[in-house]
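Take a look at the structure below.

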Amino acid sequence: MKAGNLIHDPYNAIITGVGGQGNVMASRILGNIMSRKGYYVTIGETFGVSQRGGSVMSHLRISKRSVWSPQIPRGQAHIVVALEPTEAIRVIAAYGNSTVRVISNTRPIHPVGVIAGELKYPSLEEIRIALEELAADISFLDATDEALKLGQPILGNVIMMGAVAGTGVLPFDAEDFRNVITETMSKDKVEVNMKAFKKGEEIIRHAPAR
Amino acid sequence: MKVLGSRELLADVLAKELCIGCGACVSLCPYFKSYNGKTAMLFPCTQEQGRCFAYCPKVEVDLDEVSRTIFGAPYSIEPLGRASSVTMSRAGAKAPGNNYQSGGTVTALMTYALAAKHCDAAILTGREGLNAVPAIVTSPDEVKNYSLSKYTSAPTLAAFNQAVDEGFSRIGVVATPCQVLALAQMRSNPMDTKDYSDSTSLVVGLFCTWSLDYRAFRKLVAGKVDINEIKKFDIPPPPAEVMEIYTGSGTIEIPLAEVRATVPNSCDYCFDMTSEFADVSVGVVEGRSGMNTLIVRTERGRAIVDGAVKAGYLVIEDMPAENLASLKTAAGNKKKRALKKAMGEGIINTSDSCRALFRLEKNTLAGI
Amino acid sequence: MSYLFDTNEGARYLMMGNDAIVRGALEANVNVASAYPGTPSSEIIENLSKASLKRNIYVEWSVNEKVALEVAFAASIAGLRSICAMKQNGVNVASDFLLHVALSGTRGGIVLLHCDDPGALSSINEGESRHFARMIELPLLEPGDFQEALEMTKWAFDLSEELRSIIIMRSVTRLSHASGNVTLGRLGEPEGKALFKFETIPGDPDSGPVITMPVPPHHTILQNKLKKAVAIFEKSPFNTYTGPEKPELLIITCSACNLYSREAVHLLGAGNRVGILKIGTTWPLPPKLITRNLARTDKVLFVEEVLPFLEENVKVIAAETAAEVGIKKFYGKNDGTMLTINEMNPDIVVDAIKKILSIEYTSMDDGYAKRAKEHLAALAPVRDLTFCPGCPHRASFWNLHNALELDNRRGFVCGDIGCYTLGFLPCGFSTMKTSHSMGSGIGIASGFGKLTQFGMDQPILAVCGDSTFFHAAIPALINAIHNKSDVIFVLLDNSGTAMTGFQPHPGTPLDAMGKDLPIIDPADVCRSLGASVEYTDPFNTEETQKKLLALMEEKGARVLIMKQMCALSPEKKGKKMFEVRVDQDICRGDACGCSRLCTRIFRCPGLVWDHERQAAVIDEVICAGCGVCAGICPSGAIKKTEAAR
């Protein structure tokens with residue numbers, strides 16, 4: 001398959017969240033989709049100890065030209081997909097720039113320091129204001145809530161992927177997603193994942209643009 | 001009364017090894033627990049003011065304020081504290097059993113108080129091996145199982161706090177002087193709790209010159225006696241200078257000097273030999289092994305003693321003058337010793353910025 | 001089609017570095033694979049085990065790294081090809097055997113693959129295992145990207161057979177756990193017949209007994225192998241130069257740092273000024289190749305992780321050839337251009353090149369960076385590590401902490417490596433006071449337990465996980481029992497090697513390939529050694545604390561097994577034992593009598609603080625339904641009901 005030109009090459013995407021949110025899986029599925037379409041894909045992941053309540057971040061580099069560093073350089077992200085809203089801010093502080101696009105889940109996961117009362121967790125409004133200042137475009141999705149309606153909160157990651165597809169920043173769609181998951185998932189899981197993906201696409205298309 | 005939190009309690013009492021393990025701070029919250037006669041703090045707590053600090057008999061005790069709560073008058077200069085009568089007593093015919101440390105007065109009083117429904121529960125202290133273990137007792141027939149002296153310090157008030165939590169409202173407590181002092185502080189509602197009501201209906205104070213640290217005492221008797229075989233402890237009057245441990249297979253004597261070495265430091269600061277803030281106080285009578293000294297201090301104490309006598313649970317006799325005099329001397333000496341030590345360390349009536357062990361009117365202190 | 005079995009040469013897959021290594025081993029027709037799990041190396045054996053049946057590979061999760069290497073070595077001297085994988089500190093464990101293998105030599109191709117973890121992303125040390133290659137005199141290879149990970153692995157087997165030496169190959173987290181496109185090579189039919197020949201004289205490389213004595217001649221043979229390796233490495237395609245013929249600056253790099261260097265040069269637009277010499281054969285270095293490239297310029301920058309290994313070895317060659325190539329200005333670890341700790345990234349390389357060549361480059365506008373930093377500080381609360389919701393270790397350390405505090409004699413816990421290492425953090429109530437290598441908790445405790453003659457009267461406890469028990473705790477436990485050390489050994493048995501993804505161990509019933517194996521029960525082992533053994537379920541907090549308190553009153557070596565399965569185990573994950581909820585009307589919250597015990601102290605991620613209601617509340621999405629919090633609430637506000645199955 002001939003890969004088309006990307007809006008940036010390499011296109012740098014960061015999927016971020018908290019251990020246990022399905023971040024690594026989302027980045028691998030997206031990576032596989034783009035790889036199958038003929039692009040070079042490089043993914044850098046942090047997992048291991050960081051899974052135990054820590055922030056988890058995947059760096060995706062998508063390119064027509066070559067493999068790139070598994071770590072995106074500072075200030076070079078094109079899109080940040082946050083499965084947890086404060087993680088968007090954490091990522092932007094290192095990899096953001098004034099043209100970055102952000103898609104964020106609204107559901108907070110409180111760090112233990114917040115649970116213990118030692119740290120403060122911001123309101124969604126505070127996060128929104130900060131992100132609006134730092135990013136060119138932000139969209140919030142109630143991905144976990146929507147996933148709960150589908151019966152599995154973990155599907156929040158797939159809804160977020162659907163949202164990425166819905167923005168059109170990368171050339172992939174629901175069928176590309178289906179092609180990859182039918183190979184990696186058991187049959188009974190495919191349909192609910194497709195539903196989640198399409199839900200994400202739908203939400204982002206109806207989200208008020210800034 | 002100055003009320004602070006667990007942080008200060010930890011620094012002033014636990015860290016300085018002044019805690020006697022009375023249990024006043026236990027069963028109120030998940031942080032203070034009692035184990036092997038000692039109080040442990042499991043985790044730090046963030047309360048600026050807590051019941052733990054307010055109830056503790058080893059920090060910021062305002063003796064005049066406590067005395068006003070119990071007697072409506074400031075702390076007394078008298079060696080035996082405020083007393084309406086000092087007599088001898090022993091268990092009467094209606095009292096259960098005959099396995100008493102001396103006269104059986106405490107067992108008799110508590111059995112009567114439960115039987116006559118003066119109390120809905122009694123907080124008593126039993127013994128498991130060498131460990132003194134408190135219990136909530138509701139049946140008059142069970143009281144006799146808790147007779148005899150324990151010698152090791154006990155978290156009796158942990159059971160009291162638990163009984164309050166369980167909803168008992170007329171609780172009878174048998175307690176040592178430090179425990180009686182803590183109870184008196186609880187009864188003065190130091191946290192200004194709304195709708196506070198006193199859950200005690202009778203406080204029977206025991207005479208006490210010191211208690212023993214469980215672990216140290218266990219180490220002392222280990223190898224000398226099978227702990228599970230112990231029936232009774234006793235310290236016969238001078239000049240014997242021994243502790244007697246009665247077992248199924250005979251009596252063992254341990255030199256009193258060795259026993260005294262297991263007394264926690266905290267007892268050195270105790271000024272109270274006769275449980276001055278109790279309703280009635282009970283102790284031995286020197287030279288009269290079948291009798292107790294009985295000090296009646298309050299009106300409700302008087303009412304229960306009278307009732308017990310009338311119902312045949314208790315018998316009262318006059319106290320010989322020489323016994324009374326030597327009791328006063330002993331109590332006075334303990335008081336002077338403790339106050340002198342505390343004064344020497346500058347922990348009485350400290351300035352406001354500094355926390356004190358206890359506070360009392362300057363003239364009273366000078367008088368003592 | 002899985003990359004494991006795809007025979008379509010030239011097919012392209014997106015693969016993790018570890019997958020590329022697996023494919024390389026398969027293409028090399030590996031027969032035996034062994035390992036002890038350790039992030040970031042674990043996927044290698046895991047994925048090879050998936051191919052074990054179809055390709056007749058014997059795959060083993062061995063009891064520890066030394067035994068794993070011995071198992072792989074047996075295959076080698078029986079004429080088979082084998083690979084042994086481990087993380088960086090595993091090499092330390094295996095190093096004693098490795099020293100002897102270097103001398104004795106090998107037969108079938110054998111590769112020791114170790115994954116280092118620069119930055120200690122999933123380690124409790126930042127060990128640099130490359131130094132073993134120089135110390136023990138063995139060839140060392142480092143792949144510089146994903147494709148090389150495949151090709152180099154494949155080649156390492158040939159090289160091993162050519163040199164009759166074990167080959168060390170080093171990956172790092174950012175290769176092993178990163179993914180890139182890899183083109184497959186040829187996958188042949190599995191082959192291999194095992195026979196150990198020993199009939200001729202010692203020293204005969206093909207059919208003699210395999211021993212290291214007499215040492216001097218064996219040592220000479222070993223060093224001749226390295227000379228041969230140098231000759232091969234001079235021509236190796238894994239050593240590449242990219243850049244202008246005469247660059248202003250020569251970067252010498254290896255491993256993942258190759259990718260960072262390429263990215264940095266690209267970002268700075270400095271492709272016409274900077275050349276990159278990527279070394280794949282990092283020990284022994286090929287001196288001619290190095291000299292040739294040093295001659296290109298007089299400025300050299302080393303980009304590597306973590307210690308200056310390449311740097312120092314190149315400098316030796318540079319010193320020896322100074323007359324030929326001239327005096328160089330070196331930039332690297334030794335002059336402070338680069339740090340000797342932590343992992344590298346493109347930005348560090350950018351900064352170094354910028355400085356050396358005076359290039360203007362801003363990665364992030366100052367004003368933007370300042371605002372982003374302010375928002376980060378104000379709005380992104382730090383995420384400290386914690387035990388997962390429903391983790392048995394939280395309950396275990398709760399019990400240990402409470403029992404130790406109750407006991408009131410300043411008792412403490414010694415631990416080691418596993419999820420339970422977090423026992424030193426607030427999530428483990430700061431209960432663990434020492435943490436070192438695998439099994440060292442009980443070893444250190446064994447020593448503490450003999451200090452009573454110097455007045456030590458603190459209760460001494462050691463914890464270790466079930467997998468660690470078999471790995472390295474048993475000798476230390478024997479030491480404690482034999483020497484009558486006063487210790488309590490607490491086995492935190494969560495039924496698997498949980499930290500690295502539930503690899504089996506001798507206490508579990510299946511092997512790496514899914515076949516039945518006899519279970520070795522740690523309790524039986526401890527009893528046979530003469531220790532008293534008790535069991536408890538850490539979720540039963542009252543009973544567990546009681547047992548701990550009773551054990552603390554006793555002397556000698558005592559064993560308590562706290563048994564409860566990991567919350568992430570395949571059997572448990574996603575299945576709640578209890579539905580848990582908080583009755584917010586009963587919750588005492590911040591008041592005297594509670595002070596937020598559950599959220600402030602117990603701090604399970606599934607139980608959060610409701611600021612509006614000033615009470616605790618369960619986060620349904622996160623709660624794993626273990627129900628332990630219901631038992632710790634002092635007011636009975638946390639209710640649990642058995643979950644419908």
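Val306(C) counts as buried because it has 24 C-beta neighbours inside 10 Å. A residue is buried if 20 or more other C-beta atoms lie within 10 Å of its own, exposed if 12 or fewer, and partly exposed in between, with C-beta atoms placed from the backbone. Val306(C) sits in the loop between strand E12 (299-303) and helix H11 (309-320) of chain C. Helices (H or I, at least four residues) and strands (E, at least two) are DSSP runs, numbered from the N terminus. Leaving aside residues up to four places away in sequence, Val306(C) touches Pro118(C), Glu126(C), Glu128(C), Thr340(C) and Ile341(C). Two residues are in contact if their C-beta atoms, placed from the backbone, lie within 7 Å. Gln614(C) is 308 residues from Val306(C) along the chain, and their C-alpha atoms are separated by 48 Å.

This is a predicted model, in which local features need pLDDT of at least 70 and side-chain atom pairs count only at pLDDT 80 or more, while totals for chains, interfaces and linings use all residues. Residues are numbered from 1 along each chain as its sequence is written, and chains are lettered from A and ligands numbered from 1 in the order in which they are written.

Now step back to the whole of chain C. It has 21 helices and 23 strands. Its radius of gyration is 28 Å, close to the 26 Å that the globule rule gives for 645 residues, so chain C is as compact as a globular protein of that length. The radius of gyration is taken over C-alpha atoms, and the globule rule is 2.2 Å times the number of residues to the power 0.38. The C-alpha trace of chain C spans about 80 × 75 × 60 Å along its principal axes. Of its 645 residues, 55% count as buried. Among contacts in chain C with a separation of 6 or more, 79% come from residues 24 or more positions apart.

One open sheet of chain C has 6 strands in the order E3-E2-E4-E5-E7-E6, with parallel pairing. Two strands pair if DSSP finds at least two bridges between them. Which strands are at the edges? They are strand E3 (58-61) and strand E6 (140-141) of chain C, and each pairs on one side only. E6(C) pairs in the parallel sense with strand E7 (residues 167-172) of chain C, over 2 bridges. There, Leu140(C) stands opposite Ile168(C) in E7(C).

Helix H3 (residues 65-77) of chain C lies across strand E2 (32-35), E3, strand E4 (82-87) and strand E5 (110-116) of that chain. It runs at about 165 degrees to E4(C). Axes are lines fitted to C-alpha atoms, for helices over the stretch in contact, and angles run from 0 to 180 degrees between N-to-C directions. Buried residues of H3(C) include Leu69(C), Ala72(C), Phe73(C) and Ile77(C). The buried residues of this helix pack against E2, E4, helix H4 (88-104) and E5 of chain C. After H3(C) comes Gly79(C), with a positive phi near 90 degrees.

A further open sheet of 6 strands in chain C has the order E15-E14-E16-E17-E19-E18, again with parallel pairing. Its edge strands are strand E15 (432-435) and strand E18 (532-536) of chain C. The twist averages 25 degrees from one strand to the next. Strand E16 (residues 460-465) and strand E17 (residues 488-493) of chain C run parallel, joined by 5 bridges. Phe489(C) in E17(C) is the bridge partner of Ala462(C). Helix H16 (residues 440-448) of chain C packs on the sheet and makes about 165 degrees with E16(C). Helix H17 (residues 466-482) of chain C lies across E16 and E17 of chain C, at about 140 degrees to E16(C).

Chain B has 11 helices and 15 strands. Of its 368 residues, 51% count as buried.

How do the chains meet? Of the 2 pairs of chains that touch, chains A and C have the most contacts. Chain B touches chain C through 14 residues, which are in contact with 12 residues of chain C. Strand E1 (32-35) and strand E2 (38-41) of chain B each give two or more residues to that side. No contact joins chain A and chain B, and their closest C-alpha atoms lie 11 Å apart.
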